[in-house]
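Reader: I am new to protein structures and would like to learn how to read one. Could you walk me through it step by step?

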Amino acid sequence: MALRVHRPREDAEFNFILGMSKVPVLAYFTGAWPKAIEPCRVMDLVVGGIADDYTGRLTAVRTDITRCPAATERYGITGAPSYVLLKEGEAVAHGTGPMTIAEVRKFLDGHL
């Protein structure tokens, strides 16, 4: 079974997903402005590309900056794509910009 990517529609739903996750959460923040669209689409493919390797060890949350402004502010997100790895709701790692599958794996493996 592949890793499911959650797509919260608002901050309350984002917080609910964080609260329900029994494993670390990769929150990757996306934007819909012209310069962010393509890099964010690439990150959807990258996260999908690692899905099988992290099933049961990670919850992925695709977080739209405009739909979840409180989460965006809480984690200091200033651009998209950006990433925050959370353990028990606390940020343990941050990243920005498009990443390859290998870079995302390295980012995650150092903290899982």
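**Reading the sheet and its cover**

Author: Let us begin with strand 3, which is mostly covered: six of its six residues are buried. Here, buried means under 20% relative accessible area, exposed over 50%, and partly exposed in between (1.4 Å probe, protein chains only). Please keep in mind that this is a predicted model, where local features need pLDDT of at least 70, side-chain atom pairs count only at pLDDT 80 or more, and totals for chains, interfaces and linings use all residues. Residues are numbered from 1 along each chain as its sequence is written, and side-chain values use heavy atoms, with hydrogens and water left out.

Reader: Which residues of strand 3 lie on one side, and which on the other?

Author: The general idea comes first. In a regular strand the side chains alternate between the two faces of the sheet. In strand 3, Thr59, Val61 and Thr63 are on one side and Ala60, Arg62 and Asp64 on the other, all of them buried.

Reader: What counts as a helix or a strand, and how many are there in the protein chain?

Author: Both are DSSP runs numbered from the N terminus: helices are H or I with at least four residues, strands are E with at least two. The protein chain has five helices and five strands, in the pattern β-α-β-α-α-β-α-β-β-α along the sequence. Its radius of gyration is 13 Å, close to the 13 Å that the globule rule gives for 112 residues, so the chain is as compact as a globular protein of that length. That radius is taken over C-alpha atoms, and the rule is 2.2 Å times the number of residues to the power 0.38.

Reader: What is the order of the strands in the sheet?

Author: Two strands pair if DSSP finds at least two bridges between them. The five strands form an open sheet in the order 1-3-2-4-5, with mixed pairing. Strand 1 (5–6) and strand 5 (90–96) each have a single partner strand and stand at the edges, so one side of each is left without a neighbour in the sheet.

Reader: Which pairs run parallel, and which antiparallel?

Author: Strand 1 and strand 3 run parallel, joined by two bridges; there His6 has Val61 as its bridge partner. Strand 2 and strand 3 are also parallel, over six bridges, with Leu26 opposite Ala60. Strand 2 (residues 25–30) and strand 4 (residues 82–87) run antiparallel, with five bridges, and Val25 stands opposite Leu86.

Reader: Is Val25 buried or exposed?

Author: Val25 is buried, at a relative accessible area of 3%. Contact means heavy atoms within 4.5 Å. Leaving aside neighbours within four places in sequence, Val25 is in contact with residues including Leu18, Leu58, Val84 and Leu86.

Reader: How do I read a helix such as helix 5?

Author: Look for where its buried residues point. In helix 5 (residues 101–109), Val104, Phe107 and Leu108 are buried. They cover an arc of only 95 degrees around the axis, which puts them on the same side of helix 5; the arc is that of the directions from the helix axis to the C-beta atoms. The face turned away from that buried side carries the exposed residues Ala102 and Lys106.

Reader: What covers the buried residues of helix 5?

Author: The cover includes strand 2, helix 2 (34–49), helix 3 (51–54), strand 4 and strand 5.
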